[in-house]
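Hello,

I am passing the structure on to you with this email.

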Amino acid sequence: MSKRDYYDVLGVTKDVDSSSLKSAYRKLAMQFHPDKNPGDKNAEKNFKEVSEAYEVLSNDEKRQAYDTYGHDAFAQGGAGGGGFSDGFSGFGSFSDIFEDFFGDMGGRGNQRREQRGQDLKYEIDIDIREAYTGIKKEISFDTLIRCDGCSGSGSEKGSGLKDCGACGGSGRTRASQGFFTVERTCSACGGAGQVITDPCSSCNGEGRRRKNRKIEVNIPAGVEDGSRIRLSGEGAVGPNGSSPGDLYLFVSMLDHPIFDRDGIQIYCNVPISVVEASLGGEVDVPTVSGGKVKVKIPAGSQNGDQFKLNGKGMPTIRSTSFGDMVITINVEIPKNLSDNQKRLLKEFNEELSQKNNPESTGFFTKVKDFWDGLT
Ligand SMILES: [Zn+2]
Ligand SMILES: [Zn+2]
């Protein structure tokens, strides 16, 4: 496969000057950048082609060699004589290149990059009653707050700013990286171009200090396990008086001894005796609201039978509606029987007929049919 002409690849003429060459390259590099075209092999190929062309044409020596010998100038073994066979290594990562582009486009010099404060995470445990009613809770956490000594500026009173020594006030530093000269935001001044002459003594010029803060947070009714609540601006203050991050509350639901929860639905197991299940009756069922409901148990209720209590579940978050409560009957078989109880049960058993146990009667009939069918 023959290689495309480097000038064609970049869409420029042979007499292109270095700044037009650079902008042509940037435009194409952005267009074909792998981050913008994930998984696109064609874009990746184009990106490499464009990068290679620029690498050669942006270097005076290489460009001259290319103009004279064409691609042969760089072929392994140097067919055209005096070849450059060093390949194309000196690239930083894609993101390096990209970041520098954006930095440039944003203008250079004294533009200060917004350094927002850190977001914080706070884990909060809520029991089911708190989730039912919603609650205000006081929480305390370690954070960074604005320094009172300098009101966040980082400067001692009356002192000012001077040009940063590391970048000479431009906010950018230059370094060569392969064939490129790469410009970066100055790390000494964070791109501001200026540093504090006399740093505040209480915060060492940071403009902020550590503190344990206490705040009251509102947990809305109906909050669920795993909910995340964002408190805008309640995170750590950024350096030199920049805006604070956010505070995120991560809600965990504590287990409850009586109630289980699934979203707005509440589940509760209610144990009843064999006699209650057989004869029927009424049981007091607790509700998550703190009240109770009398539930009629029909005669002949079975283990696992469920009853639904409409509207007795959890509130729907930011709404006035409620879920339901489902109670499940748990028939308890009596244990530790006395001799007299055993005698009564045996007597009772003799009184039983097929219609008292339709399930087992039906089951054993089916078993008999199954065995009969085998012969
Ligand atoms: Zn200070
Ligand atoms: Zn600097």
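**What was found**

Cys164 has a relative accessibility of 3%, which is under the 20% cut-off, so this residue counts as buried. Please keep in mind that the model is predicted.

Two of them, Cys164 and Cys186, link distant parts of the chain, being 22 residues apart. Cys164 sits in the loop between strand E3 (161-163) and strand E4 (172-177), while Cys186 sits in the loop between strand E5 (180-185) and strand E6 (194-196). Cys186 has a relative accessible area of 1% and is therefore buried.

There is also a zinc ion listed as ligand 1. Which residues are its protein donors? They are Cys147, Cys150, Cys200 and Cys203, again through SG atoms, at 2.2 to 2.3 Å from the ion. The arrangement around this zinc ion (ligand 1) is tetrahedral because the four donor atoms subtend angles of 104 to 114°. Its donor residues follow the spacing C-x2-C-x49-C-x2-C in sequence. Are Cys200 and Cys203 buried or exposed? Cys200 counts as buried at 2% relative accessibility, and Cys203 counts as buried at 7%.

Some loop residues come next. Asn204 is in the loop between E6 and strand E7 (208-219). This asparagine is exposed, with a relative accessible area of 68%. The phi angle of Asn204 is near 55°, a positive value in a residue other than glycine. For background, most residues other than glycine have a negative phi. Asn336 also has a positive phi, near 50°. Asn336 lies in the loop between strand E15 (325-332) and helix H8 (339-351), and is exposed, at 77% relative accessible area.

Gly158 is placed in the loop between strand E2 (135-146) and E3. With a relative accessibility of 87%, Gly158 counts as exposed. From Gly158 to Asp198 there are 40 residues in sequence, and the C-alpha atoms of the two are 9.0 Å apart in space.

Now the helices. How do the axes of helix H3 (residues 41-57) and helix H4 (residues 60-69) cross? They come within 6 Å of each other and cross at roughly 105°. That angle makes H3 roughly perpendicular to H4. The residues that meet are Glu55, Val56 and Leu57 in H3 and Lys62, Arg63 and Tyr66 in H4.

Helix H9 (residues 358-374) has 17 residues. From its first C-alpha to its last, H9 reaches 25 Å, close to the 24 Å expected at 1.5 Å a residue. Of the 17 residues of H9, one is buried, so this helix lies largely in the open.

Last, some totals for the chain. There are nine helices and 15 strands in it. Of its 375 residues, 34% count as buried. Among contacts between residues at least 6 apart in sequence, 64% join residues at least 24 apart.

Regards

Note on methods:
Residues are numbered from 1 along each chain as its sequence is written. Chains are lettered from A and ligands numbered from 1 in the order in which they are written. This is a predicted model: local features need pLDDT of at least 70, side-chain atom pairs count only at pLDDT 80 or more; totals for chains, interfaces and linings use all residues. Side-chain values use heavy atoms; hydrogens and water are left out. Donors are N, O and S atoms within 2.8 Å of the metal (3.2 Å for Na, K and Ca); water is not among the atoms, so sites may look incomplete. Four donors count as tetrahedral if all angles lie between 85 and 135 degrees; four count as square planar and six as octahedral if opposite donors are over 155 degrees apart and all others between 65 and 115; anything else is irregular. Buried means under 20% relative accessible area, exposed over 50%, partly exposed in between (1.4 Å probe, protein chains only). Helices (H or I, at least four residues) and strands (E, at least two) are DSSP runs, numbered from the N terminus. The expected span of a helix is 1.5 Å times one less than its number of residues. Axes are lines fitted to C-alpha atoms, for helices over the stretch in contact, and angles run from 0 to 180 degrees between N-to-C directions. Angles under 35 degrees count as roughly parallel, over 145 as roughly antiparallel, 65 to 115 as roughly perpendicular and the rest as oblique. Contact means heavy atoms within 4.5 Å.
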